[in-house]
Amino acid sequence: RWYPGAGLYRKVSLIVKAKEHIKQWGVQITTPIITPEYASVKVNTKTVGKNTALKTVIKNDRGEVVAVSDLINIAEGEVTENLTVKSPQLWSPETPYLYTAITKLYVKGMLKDKLVTTFGIRSVQFSAEHGFRLNGKSRKFKGVCLHHDLGPLGTAINKAALRRQLTILKDMGANAIRSAHNMPSFEQLELCDEMGC
């Protein structure tokens, strides 16, 4: 029902993997327990290949290691790692603090695949009494509906223009974006995490 007629307007990648690998979109990170003292970080990873081993390292925004999992042997399929980050910095629109998880897959000690995932430690709750709560505090959505194009610049992704657009939206008080018609680009999602949208 809405067609830009623009052809290829986002980055296209050819991904080549080894026989044993982490599945595409195969890492899911949640933070089920958050206290001022620590956060429990649950890393669920889907893999392909038999007799592999997996290890995840979490780094803070300065690149310092804050948590390391034990090397886990995997017969095949899926594995869940539970790591602990002490004194976690919470993500919010005002303080968009991001951690980095580096998940590595090994076969007989040889690195076969690596996936880097950025994430924020935050709690999200919905209730009739309090509405939406982020990190235990009620928040109102102040959102906009945004097409994926950049107005007169067209539909091709331009990260600098996206950053400018998000800066303007944040400056006018927006804290949420509804993408319209098309899925948002990865670049926009990354910038929203980084900038606190």
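**Entry 1: the chain as a whole**

Among contacts in the chain between residues at least 6 apart in sequence, what percentage joins residues at least 24 apart? I found that 61% of these contacts do so, where contact means heavy atoms within 4.5 Å. I note that this is a predicted model, in which local features need pLDDT of at least 70 and side-chain atom pairs count only at pLDDT 80 or more, while totals for chains, interfaces and linings use all residues. Residues are numbered from 1 along each chain as its sequence is written, and side-chain values use heavy atoms, with hydrogens and water left out.

I listed two helices and 13 strands in the chain. Helices (H or I, at least four residues) and strands (E, at least two) are DSSP runs, numbered from the N terminus. Taken along the principal axes, the box filled by the C-alpha atoms is roughly 55 × 45 × 35 Å. I then looked up burial: 37% of the 197 residues count as buried. Buried means under 20% relative accessible area, exposed over 50%, and partly exposed in between (1.4 Å probe, protein chains only).

**Entry 2: the two helices**

How do the axes of H1 and H2 cross? I found that the axes of H1 (residues 159-171) and H2 (residues 186-195) come within 10 Å and cross at roughly 45 degrees. Axes are lines fitted to C-alpha atoms, for helices over the stretch in contact, and angles run from 0 to 180 degrees between N-to-C directions. H1 and H2 are therefore oblique to each other; angles under 35 degrees count as roughly parallel, over 145 as roughly antiparallel, 65 to 115 as roughly perpendicular and the rest as oblique.

I recorded the residues that meet. From H1 they include Leu 162, Arg 163 and Leu 166, and from H2 they include Glu 187, Leu 191 and Met 195. By class, this contact has five nonpolar, two polar and six charged residues. Ala, Val, Leu, Ile, Met, Phe, Trp, Tyr, Cys and Pro count as nonpolar, Asp, Glu, Lys and Arg as charged, and the others, Gly among them, as polar.

I located Phe 132 in strand E10 (residues 131-134). Is Phe 132 buried or exposed? Phe 132 counts as buried because its relative accessibility is 14%. Leaving aside neighbours within four places in sequence, I found Phe 132 in contact with residues including Val 124, Phe 126, Arg 139 and Phe 141. Asn 135 is placed in the loop between E10 and strand E11 (137-138). I noted a phi near 55 degrees for Asn 135, a positive value in a residue other than glycine.

Most residues other than glycine have a negative phi. Lys 108, although not a glycine, has a positive phi of about 50 degrees. I found Lys 108 in the loop between strand E7 (99-107) and strand E8 (110-119). With a relative accessible area of 86%, Lys 108 is exposed.

Leu 115 is in strand E8 and, at 25% relative accessibility, counts as partly exposed. Leu 115 and Trp 25 are 90 residues apart in sequence, yet I read 9.4 Å between their C-alpha atoms. Leaving aside neighbours within four places in sequence, Leu 115 is in contact with Ile 22, Val 27, Ala 101, Ile 102 and Thr 103.

**Entry 3: Gly 77**

Where does Gly 77 lie? I found Gly 77 in the loop between strand E5 (72-74) and strand E6 (78-86). Not counting residues up to four places away in sequence, Gly 77 touches Thr 45, Lys 46 and Thr 47.
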